[in-house]
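Look through the sequence and the structure first, then read the points below.

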Amino acid sequence: MANPEVPHRPWTQRYHVAAIGWSALLIALLVASSIMTGANFSIFLANIDQFFALLGQMSHPTWAYTKIIIQPLYETIQMALLGTTIGAALAVPFSLLAASNLVTNQILRNLIRFFLDLVRTLPDLLMAAIFVAIFGIGSTAGVVTLAIFSFGMVSKLFYEVIETIDMGPLEALKSVGASKVTLIWYAVLPQILNQFVSYFLYTLEINVRASTVLGYLGAGGIGVYLQRSLGEFNYGATAVIILATLVVVLIIDGLSNHLRRVLL
Amino acid sequence: MAATQPATDSIISFRHVNKVYANGTVGLKDINFDIPRGQFLVVVGLSGAGKSTLLRTINRLHEISSGEIQIDNEAISAYKGKALRQLRCHIGMIFQNFNLVKRSSVEKNVLSGLVGYYPTWKCVLGLFSAHDHQRVVQALDRVSLTPKIFARADELSGGQQQRVAIARTLMQDPHIILADEPVASLDPRTSKDVMDTLKRLNREDGITVIVNLHSVAIARQYADRIIGLRAGELVYDEPIANVTEANLDQIYN
Ligand SMILES: Nc1ncnc2c1ncn2[C@@H]1O[C@H](COP(=O)(O)OP(=O)(O)OP(=O)(O)O)[C@@H](O)[C@H]1O
Ligand SMILES: [Mg+2]
């Protein structure tokens, strides 16, 4: 049997020049940035015993502490839930306006995207510090910070989902004389709803973790207790807080998996 | 009703219609013809000939570059906003890929044919009248899909989805149905079902039907008249009685 004629691959393709080149560039960048920032792997290795010492202390959680943190943990979840909900609700109109398959006006779309990029570059810790200064110590500052943070992140996730929808139903709805809002309600939302829910829960999960850190700055919730325990070298309590946060994150993750299955 | 009116009463007229896409592609070139009320018109032509473009200029999903299209003796190119939506209310459209909202129920898909008749806030809240809910059942009955009313659209076969799309169109109470290769992704038997349904609506309700088809065989079986496009030009226009294999060939060469 004669072998079929196979076209010749160019040598760049045969020796994977592009892939090797990119990998080399990436490694070079990593090395260069570690040198420039002074991040030193040997320091990390030299001090690793301290890390294990800490871990040792944390391996005896002060279980009695659980009772004390239930209330602040509850507050943290409420903060995260409120912040995520406000942020995601605001993100819906913005993501619709930022989606290239819905908004043909390029100027408007780019303006919205620029605004969203700006929001995303605001560091959440900086925001928390500012809002604590404005609203005072407490959960209001935390909620506002989380809302803005979620808004920036969720908007981008949402408009990227919107850009992948099937445009056929939109054309059909347009052809029956639907108004813009009706079009979105009937042809866009059903296609993206379950992805929206899943991103909402993903953001909620991130926010629960983020709000533990925000508490550090006085923005309410469990973070206040985390800071206190670390300040008092009470690592047993720290362990309880970390474990409790883990449990909450796991629950949200399970819930999100479940909802995704149900909604799909 | 309309089916009994004289053939000289044209429902759609093309007058020197040109369409050039933004990238310079010529979609339509000096198209002139009239469609009598109640006609079953089939448009044939090679891929890229401009069939979809022609169909979409009728409900203004595509804008024309020059010339004029009249529906019921009124030029439609100036329609904006509400007037345009009202025009579209009475023109049904069927697509090759059915274009149903797959995650929504059959009922909701069929109801969506009505949204042009309701104010936006009622559509959003789903406040359709009891009478219209009744009409959904009737529309589904005409395409023999009443048992599927609460099924999700993506649970149906292709042929069933296309019939749901026809039911959606029926809710519009259309004077015109535009069908862009409605059977291109269906097997021969289901194709026949769908084409028969369109023919029935044409004969029983007097709806003017314009269908783009790839298959000349199906075209000859259902059409009252066949027009042919080649590179955006109208190169063939014959009543079915005059259509022969030989003169159809001129569309394709
Ligand atoms: N949005 C667009 N922008 C630019 N050119 C387009 C666009 N839509 C269609 N065209 C071009 O216009 C011409 C006519 O396209 P049209 O879709 O009307 O053809 P068709 O007869 O429906 O073809 P098919 O049988 O493949 O569906 C083609 O050359 C096509 O490439
Ligand atoms: Mg086409």
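A salt bridge is a side-chain nitrogen of Lys or Arg within 4 Å of a carboxyl oxygen of Asp or Glu. Asp9(B) and Arg37(B) form such a bridge through their side chains, at 2.8 Å from N to O. This is a predicted model, in which local features need pLDDT of at least 70 and side-chain atom pairs count only at pLDDT 80 or more, while totals for chains, interfaces and linings use all residues. Residues are numbered from 1 along each chain as its sequence is written, chains are lettered from A and ligands numbered from 1 in the order in which they are written, and side-chain values use heavy atoms, with hydrogens and water left out.

**Salt bridges within chain B**

- Asp9(B) sits in the segment before strand 1 (10–20) of chain B, and Arg37(B) in the loop between strand 2 (26–36) and strand 3 (40–45), so the pair links distant parts of the chain, 28 residues apart; helices (H or I, at least four residues) and strands (E, at least two) are DSSP runs, numbered from the N terminus.
- Asp72(B) also meets Arg37(B) in a salt bridge, again at 2.8 Å from N to O.
- Asp72(B) lies in the loop between strand 4 (66–71) and strand 5 (74–75) of chain B, so its bridge to Arg37(B) ties together parts that are 35 residues apart in sequence.
- Asp9(B) is partly exposed, with a relative accessible area of 22%, and Asp72(B) is partly exposed at 35%; buried means under 20% relative accessible area, exposed over 50%, and partly exposed in between (1.4 Å probe, protein chains only).

**Salt bridges between the chains**

- Over all chains the structure holds 21 salt bridges, and the count between chain A and chain B is 2.
- Glu171(A) and Arg56(B) are joined by a salt bridge at 2.6 Å, N to O.
- Glu171(A) is in helix 9 of chain A and Arg56(B) in helix 1 (residues 51–58) of chain B, so this pair joins two chains.
- Glu171(A) is partly exposed, with a relative accessible area of 23%, whereas Arg56(B) is buried at 9%.
- Asp166(A) forms a salt bridge with Lys102(B), and their closest N and O atoms are 3.9 Å apart.

**The contact between chain A and chain B**

- Chain A puts 22 residues into the contact and chain B puts in 28 residues, where contact means heavy atoms within 4.5 Å.
- About 2100 Å² is buried between chain A and chain B, and carbon and sulfur atoms give 59% of it; buried area is the accessible area (1.4 Å probe) that two parts lose on being put together, summed over both.
- Ser175(A), Val176(A) and Tyr186(A) supply 31% of the area that chain A buries against chain B, more than any other three residues.

**Pro169(A)**

- Pro169(A) is placed in helix 9 of chain A and counts as buried, at 1% relative accessibility.
- Leaving aside neighbours within four places in sequence, Pro169(A) is in contact with Ala187(A), Gln191(A), Asn99(B), Leu100(B) and Val101(B).
- From C-alpha to C-alpha, Pro169(A) and Phe135(A) are 46 Å apart in space, and they are 34 residues apart in sequence.
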